[in-house]
Amino acid sequence: MKILLSGSHGLVGTALKKALDSEGHTVIRLGRDFSKPIQFKDVDAVIHLAGENIAEGRWNEAKKERIKMSRLTGTRLLSEQLAASEYKPSVFISASATGFYGDTGSEVITESSPSGHGFLPEVCVEWEKSTAAAEQAGIRTVQIRTGIVLSKKGGALKKMLPPFLLGGGGILGTGNQYMSWISLDDMVGAIQFISKQESLSGPVNLTAPNPVNNKEFTEILGKVIKRPTILPLPGFAAKIIFGEMADAILLSGTQVIPEKLKNAGYIFKHAELKDALTDVMKG
């Protein structure tokens with residue numbers, strides 16, 4: 001297959017490109033400027049992962065605008081180019097996030113659940129709408145709603161590990177907020193699966209089938225790395241340190257189930273958190 005890939009230097013993009021290369025696919029890296037003409041001749045799939053990192057730096061209005069526009073503008077321009085092209089790939093896979101659902105407590109969430117309220121859900125709604133041109137042009141379009149990707153090389157786990165390894169880890173806030181996670185291996189595997197599975201379109205949750213709350217996550221991580229987890233970070237302290245991002249990401253939660261992936265027959269390499277974290281820590 002010939003595949004165009006944006007966000008190829010990020011955590012997921014780097015791992016995905018490596019996997020695709022190893023299978024003999026031709027991967028062409030896309031830059032972030034989608035206003036320039038892109039050649040789609042002989043392209044089988046377009047995978048769009050680019051976007052501002054939401055967890056880097058404290059949120060202010062400028063940061064929130066960068067988060068929003070890096071997703072909406074790029075996705076819309078790429079989608080419009082796909083729609084206008086004489087040559088159309090068989091599938092367009094575009095990143096989204098489980099932030100679409102907002103804070104839903106212990107409610108079980110699937111792809112058919114409604115969007116939530118607040119900054120991240122509003123961004124995700126508009127982000128997914130930005131793929132409309134490609135979809136209307138008849139291209140199979142998939143919005144992948146990604147959970148917390150587990151890897152020592154980046155993402156949330158990389159930030160969490162230093163205090164945990166020093167014995168300073170603990171629950172965040174009440175610890176009751178759900179963390180819908182997915183291993184990096186399954187993230188890559190699921191994207192590859194979606195690219196070939198013609199029955200999948202629209203939003204698809206990319207999370208493991210067994211989400212856990214923050215208390216469970218903390219306990220399991222502590223056991224895997226053999227460290228105590230007795231130093232909690234109260235909600236008020238998290239808000240002082242991280243500002244608005246604390247409420248939006250750290251102290252809120254969603255129990256997301258990958259219903260479409262499971263029904264389509266995807267087999268997870270890591271369905272349980274302990275297995276995923278054990279593999280991650282070996283790597």
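This is a predicted model: local features need pLDDT of at least 70, side-chain atom pairs count only at pLDDT 80 or more; totals for chains, interfaces and linings use all residues.
How do the residues of the lining of the second largest pocket divide into nonpolar, polar and charged? I began my notebook with that, and found eight nonpolar, six polar and five charged. (Ala, Val, Leu, Ile, Met, Phe, Trp, Tyr, Cys and Pro count as nonpolar, Asp, Glu, Lys and Arg as charged, and the others, Gly among them, as polar.)

Residues are numbered from 1 along each chain as its sequence is written, and side-chain values use heavy atoms, with hydrogens and water left out.

**The pocket**

I looked up the volume of the second largest pocket and got about 500 Å³. On a 1 Å grid over the protein atoms alone, a pocket is an open set with protein on both sides within 12 Å along at least five of seven lines, a cavity is a set of points where a 1.4 Å probe fits but cannot get out, and lining residues have an atom within 4 Å of a point. A volume is the space filled by probe spheres set on the points, which are joined across faces, edges and corners.

Of the 19 lining residues, Ala15, Ser151, Lys153, Leu184 and Asp185 lie nearest the centre of this pocket. Helix H1 (11–22), helix H6 (184–196) and H11 each give two or more residues to the lining, and H1 gives the most, with six. Helices here are DSSP runs (H or I, at least four residues), numbered from the N terminus.

**H1 against H6**

Next I checked how H1 and H6 pack: the angle is about 60 degrees and the axes are 10 Å apart. Axes are lines fitted to C-alpha atoms over the stretch in contact, and angles run from 0 to 180 degrees between N-to-C directions. H1 and H6 are therefore oblique to each other; angles under 35 degrees count as roughly parallel, over 145 as roughly antiparallel, 65 to 115 as roughly perpendicular and the rest as oblique.

I see Leu11, Val12, Ala15, Leu16, Ala19 and Leu20 of H1 in contact with Leu184, Met187, Val188, Ile191 and Gln192 of H6, with contact meaning heavy atoms within 4.5 Å. These residues divide into ten nonpolar, one polar and no charged.

**The cavity**

Last, I found one cavity of 30 Å³ or more. The largest cavity has a volume of about 60 Å³, and its lining includes Leu16, Leu20, Ile191 and Gln192. H6 supplies the largest share of that lining, four residues.
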